[in-house]
Amino acid sequence: MAPVSKNSIGLRYGLITGLLYFILLFCRFKFFSSNPWYFVSFAVGSYLIILVMYLFTAIARKNELQGYADLKELFTAVFIVILISEIIYIIFNLIYFKIVDPAFWENFQASSRTILQKAHVPEEQIEQQMKSFKEMEIRSSPGNLIKSYGIYVIIDSVFGLIFAIILRKKNPAIKKFLEDPK
């Protein structure tokens with residue numbers, strides 16, 4: 001049997017998840033930005049898809065180890081995917097907001113205001129929504145994106161840790177040896 005690389009699953013799934021994240025982000029900003037409800041719904045759905053990819057990574061690593069993997073082995077693979085996918089998220093946002101569509105947030109706010117006015121939303125609620133969009137714009141600035149990388153990694157790591165805890169399974173032969181080394 002060929003030796004199992006400790007990081008191959010993490011790297012492979014990291015690139016796949018990063019590419020998927022790239023595509024989902026592009027679709028969100030390009031096709032769902034005309035309506036704030038679609039934009040937020042697509043963002044939540046996209047994030048759930050990324051979480052599922054973290055789960056698939058842990059399952060793939062467990063399968064690679066013939067069904068027996070401890071917490072560290074599973075979490076390491078998922079953590080590699082998290083690092084790669086979050087760096088792709090930041091790079092994509094930096095490029096998109098600075099080069100591809102620098103006026104994105106202005107256009108998004110204008111179209112959102114129009115939709116909210118057509119829906120007869122009270123003006124104070126519209127202004128409150130515009131403030132939250134302004135905060136989103138500030139959070140997507142280059143400095144804030146880079147600063148928030150660690151926060152995104154920590155949040156995703158909590159989910160990765162939960163998946164690793166759920167999927168861990170010790171090899172009975174090793175478990176027996178540790179309990180009774182005779």
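Predicted model: local features only at pLDDT ≥ 70, side-chain atom pairs only at ≥ 80, totals over all residues.
Q: Why is isoleucine 16 called partly exposed?
A: Its relative accessible area is 41%, and because buried means under 20%, exposed over 50% and partly exposed in between, judged with a 1.4 Å probe and protein chains only, isoleucine 16 counts as partly exposed. The residue is found in helix α1, residues 8-31, where helices are DSSP runs of H or I with at least four residues, and strands are runs of E with at least two, numbered from the N terminus.

Q: How far apart are the C-alpha atoms of isoleucine 16 and tyrosine 38?
A: They are separated by 25 Å, with the two residues 22 residues apart along the chain.

Q: What makes threonine 57 buried or exposed?
A: Threonine 57 has a relative accessible area of 0%, which places it among the buried residues. It lies in helix α2, residues 36-64, and, leaving aside neighbours within four places in sequence, threonine 57 is in contact (heavy atoms within 4.5 Å) with Ile9, Tyr13, Ala77, Val78 and Val81.

Q: Why is α2 called oblique to α3?
A: The two helices pack at an angle of about 140°, with their axes 9 Å apart. Angles under 35 degrees count as roughly parallel, over 145 as roughly antiparallel, 65 to 115 as roughly perpendicular and the rest as oblique, and therefore α2 is oblique to α3. The contact involves residues of α2 including Tyr54, Thr57 and Arg61, and residues of α3 including Ala77, Val78 and Val81. By residue class, this contact of α2 with α3 divides into 7 nonpolar, 2 polar and 4 charged, where Ala, Val, Leu, Ile, Met, Phe, Trp, Tyr, Cys and Pro count as nonpolar, Asp, Glu, Lys and Arg as charged, and the others, Gly among them, as polar.

Q: What makes α3 roughly antiparallel to α6?
A: Helix α3 (residues 71-100) and helix α6 (residues 142-167) pack at an angle of about 150°, with their axes 8 Å apart. This angle is the reason why α3 is roughly antiparallel to α6. Their contact residues divide into 20 nonpolar, 3 polar and 3 charged.

Q: How do you know that α4 is roughly antiparallel to α5?
A: The angle between helix α4 (residues 104-118) and helix α5 (residues 123-139) is about 160°, with the axes 10 Å apart. It is this angle that makes α4 roughly antiparallel to α5. Among the residues that meet are Trp105, Phe108 and Leu116 in α4, and Ile126, Met130 and Phe133 in α5. The residues of this contact of α4 with α5 divide into 7 nonpolar, 4 polar and 5 charged.

Q: Why is the pair of tyrosine 96 and phenylalanine 104 called edge-to-face?
A: Rings of Phe, Tyr and Trp (its six-membered ring) pair if their centres lie within 6.5 Å, and planes under 30 degrees apart count as stacked, over 60 as edge-to-face and the rest as tilted. By this rule the count comes to 24 aromatic pairs. For tyrosine 96 and phenylalanine 104 the ring centres are 6.1 Å apart and the planes stand at 75°, so the pair is edge-to-face. Tyrosine 96 counts as buried at 2% relative accessibility, and phenylalanine 104 counts as buried at 2%.

Q: How do you know whether histidine 120 is buried or exposed?
A: Its relative accessibility is 72%, and it therefore counts as exposed. Histidine 120 is found in the loop between α4 and α5, and it has a positive phi of about 60° although it is not a glycine.

Key. Residues numbered from 1 in each chain as written. Heavy atoms only, no water. Axes fitted to C-alpha atoms, helices over the stretch in contact; angles between N-to-C directions.
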